[in-house]
Amino acid sequence: GNAFSGNGGTFTDSGNTGQAVTENGQAKRTTEAEYKFATDGVGYRMDGTGDYLSVAAHANWDFDSGDFTVEMWLNSKSFSGLVNDDIMSITIDSNNKVHLFNADNGGIKFRAYDAGLVVQMIQGVRSTRQGVWYHLAIVRNGNEWDAYIDGVSVANVTDSSDMPDLSAAAVQFGSGATGVDFNGYM
């Protein structure tokens, strides 16, 4: 509700830690017809050219071996062929990061690196469609890792590996490790 309607602003998320979210590039709140929840006033358009939201480094990003869920509504305006469109990333360096991206014309990839790749989920079959809203969730419950699209598990891995301590890194939504920014609505 308190998001700015132009780029460069900040707002406080509604989570229990009240993180400041910063608009970068031309990321801006939108209430366009394509917007998923037009009545609540909080949604973002990214045009794939350096637009993203960021949340500063915080102890919350030290997932270790704990359970977690990352979820969001997305509407991809275009897929860049087989190029990986960044959805979310938390990066210390190339060997210590978490990365979620669109791939393979609508598949989903999730990778976690802790001094190298430790967990990877790839859902390469087209599961999302351009211009259509979908709910995406990445869930770790014990040693089970799932990627859900619209409530259906589309990728699963069993792995006991710890996640890296990413508390010194910012979270980016819409930009990240592949260098191909997300084009659509979040």
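**Exercise 1.** Which residues of the largest nonpolar core touch the most other members?

*Solution.* The model is predicted. Start with the core itself, which holds 37 residues. Ile87, Leu100, Phe110 and Leu136 touch the most other members. Next, ask where the core residues come from. Strand 6 gives the largest share, 4 residues.

**Exercise 2.** List the contacts of Phe110, leaving aside its neighbours within four places in sequence.

**Exercise 3.** Give the strand order of the open sheet of 7 strands, and find its edges.

*Solution.* The order is 3-4-15-6-11-12-13, with antiparallel pairing. Strand 3 (28–29) and strand 13 (152–158) each have a single partner strand, so one side of each is left without a neighbour in the sheet. Now look inside the sheet. Strand 6 (residues 68–76) and strand 11 (residues 134–141) run antiparallel, joined by 7 bridges.

**Exercise 4.** Locate Gln19 and decide: is Gln19 buried or exposed?

*Solution.* Gln19 sits in the loop between strand 1 (10–12) and strand 2 (20–24). Second, check the area. Gln19 has a relative accessible area of 8%. Buried means under 20%, so Gln19 is buried. Third, examine the side chain. A polar contact of 3.1 Å links it to the side chain of His58. Beyond neighbours within four places in sequence, the contacts of Gln19 include Phe11, Thr12, Asp13, Val55, Ala56 and Asn60.

How values were computed: Residues numbered from 1 in each chain as written. Predicted model: local features only at pLDDT ≥ 70, side-chain atom pairs only at ≥ 80, totals over all residues. Heavy atoms only, no water. Helix = DSSP H or I, 4+ residues; strand = E, 2+ residues; numbered from the N terminus. Buried < 20%, exposed > 50% of the residue type's maximum accessible area, 1.4 Å probe, protein only. Polar contact = N/O pair within 3.5 Å; in protein donor to acceptor, adjacent residues only side chain to side chain. Contact = heavy atoms within 4.5 Å. Pairing = 2+ DSSP bridges. Core = buried A, V, L, I, M, F, W, Y, C linked by side-chain atoms within 4.5 Å.
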